[in-house]
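Thank you all for coming. I would like to walk you through one structure this morning, and I will start with a single residue before turning to the whole chain.

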Amino acid sequence: MKMLLAAGVMLAALAGGCVAVSTTETTMVAPQATLAMPPITIYHLEGRRSERIVWLMEELNLPYTLVYKRGDLAGSMAEIRKVNPGMPVAPTVTIGDQVMTESGAIIETIVNRYAPGKLTPPLASADYANHLIWMHHAEGSLASRVIADYRVWMIKPPTERSRLVDSEAEVQFAEDYLAKHPYFGGSQFSAADIMMVFPLNFAMNLNIVDKTKFSNINAWKARIEERPAYKRMLAKARPDGLIGSPPALPAHAPSGPRPGQ
Ligand SMILES: N[C@@H](CCC(=O)N[C@@H](CS)C(=O)NCC(=O)O)C(=O)O
């Protein structure tokens, strides 16, 4: 429910044929009501980003249907293509008859509509802004850079460190944040932690960065992997462990100071 308290101040100045109108409004947003949830179906690929949505639903104790072909990534992808031929990616999620992609958007839709206030720091807190930064940083910066660096390495291993923000700078940025905060949500676990696991695992497990150098991230990973909802996600969405992973790099890209800095 949204209450609008309009302390309206309207100034109209007529000068030389121009009209200037200024209004001020005080908006008080009452706690949002939880909407009725239509059936949610998660189209999944084992070990991939769709785990985020399974984990979210387990954290929130909300019902969902999980669709994938166990041990058969191509078969699971065929299921995704049936509902989402234009952008067949995991996660693809249906909420009622709406088809959604983008894990961050899916998470925000589910939380805001069906579990308002959950897995999200209070709106006015500093943690809220940090939580939102990491919610978006996970895909917009971290995943895009680590995947780009992995692909570039596969084509031609780099001989010097990139001058641009690279995977190591990305992972170090996360490491430094975790030196001061227990979670990417700040003081509490939040949906931002769910978003960050996949790209950090990608960077560390595929040897894009030297995983032994990031003790805060390793400690955070151990903490969140202890969560009962994470364990339920693994049992339902990754029953045979990781399958069909791309190969790890034989050596991570050159490290240390960036040229020219
Ligand atoms: N930014 C999207 C990325 C989705 C995505 O690329 N998922 C991968 C699996 S982890 C995929 O389906 N890849 C198939 C392809 O690229 O053809 C999200 O966060 O949901």
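Which residues does Thr109 touch, not counting residues up to four places away in sequence? Thr109 touches Ile95 and Met100, where two residues are in contact if their C-beta atoms, placed from the backbone, lie within 7 Å. Please keep in mind that this is a predicted model, in which local features need pLDDT of at least 70 and side-chain atom pairs count only at pLDDT 80 or more, while totals for chains, interfaces and linings use all residues. Residues are numbered from 1 along each chain as its sequence is written.

Thr109 itself is found in helix 3, residues 103-114, and here helices (H or I, at least four residues) and strands (E, at least two) are DSSP runs, numbered from the N terminus. Between Thr109 and Ile95 there are 14 residues of separation in sequence and 9.5 Å in space, taken from C-alpha to C-alpha. Thr109 counts as partly exposed because 16 other C-beta atoms lie within 10 Å; on this scale a residue is buried if 20 or more other C-beta atoms, placed from the backbone, lie within 10 Å of its own, exposed if 12 or fewer, and partly exposed in between.

Let me now step back to the chain. The protein chain has eight helices and eight strands, and of its 261 residues, 32% count as buried. Among contacts between residues at least 6 apart in sequence, 69% join residues at least 24 apart. As for confidence, the mean pLDDT of the protein chain is 89, with 88% of its residues reaching 70 or more, pLDDT being the predictor's confidence in each residue, from 0 to 100. The part to read with caution is residues 1-30, over which pLDDT stays under 50, and for which the model has 26 contacts beyond four places in sequence.

Next come the strands, where two strands pair if DSSP finds at least two bridges between them. Strand 5, residues 40-43, pairs with strand 7, residues 92-95, in the antiparallel sense over four bridges, and within that pairing Ile42 has Val93 as its bridge partner in strand 7. Strand 5 also pairs with strand 6, residues 65-67, this time in the parallel sense over three bridges, with Val67 in strand 6 as the bridge partner of Tyr43. The chain gets from strand 5 to strand 6 through helix 1, residues 51-60, and this β-α-β crossover is right-handed, in the sense that, with the strands pointing away from the viewer, the path from the first strand over the helix to the second runs clockwise.

Strand 7 has a further pairing, antiparallel and over three bridges, with strand 8, residues 98-100, in which Thr94 stands opposite Val99.

What surrounds the ligand? The shell consists of Leu45, Arg48, Arg49, Val89, Ala90, Pro91, Thr101, Glu102, Ser103 and Glu139, a residue being near if its C-beta atom, placed from the backbone, lies within 6 Å of the molecule. These shell residues divide into four nonpolar, two polar and four charged, where Ala, Val, Leu, Ile, Met, Phe, Trp, Tyr, Cys and Pro count as nonpolar, Asp, Glu, Lys and Arg as charged, and the others, Gly among them, as polar. Pro91 lies in the loop between helix 2, residues 73-83, and strand 7.

I will end with a backbone detail in another loop. Asn61, in the loop between helix 1 and strand 6, has a positive phi of about 55 degrees although it is not a glycine. Is Asn61 buried or exposed? Asn61 counts as exposed, because it has 9 C-beta neighbours inside 10 Å.
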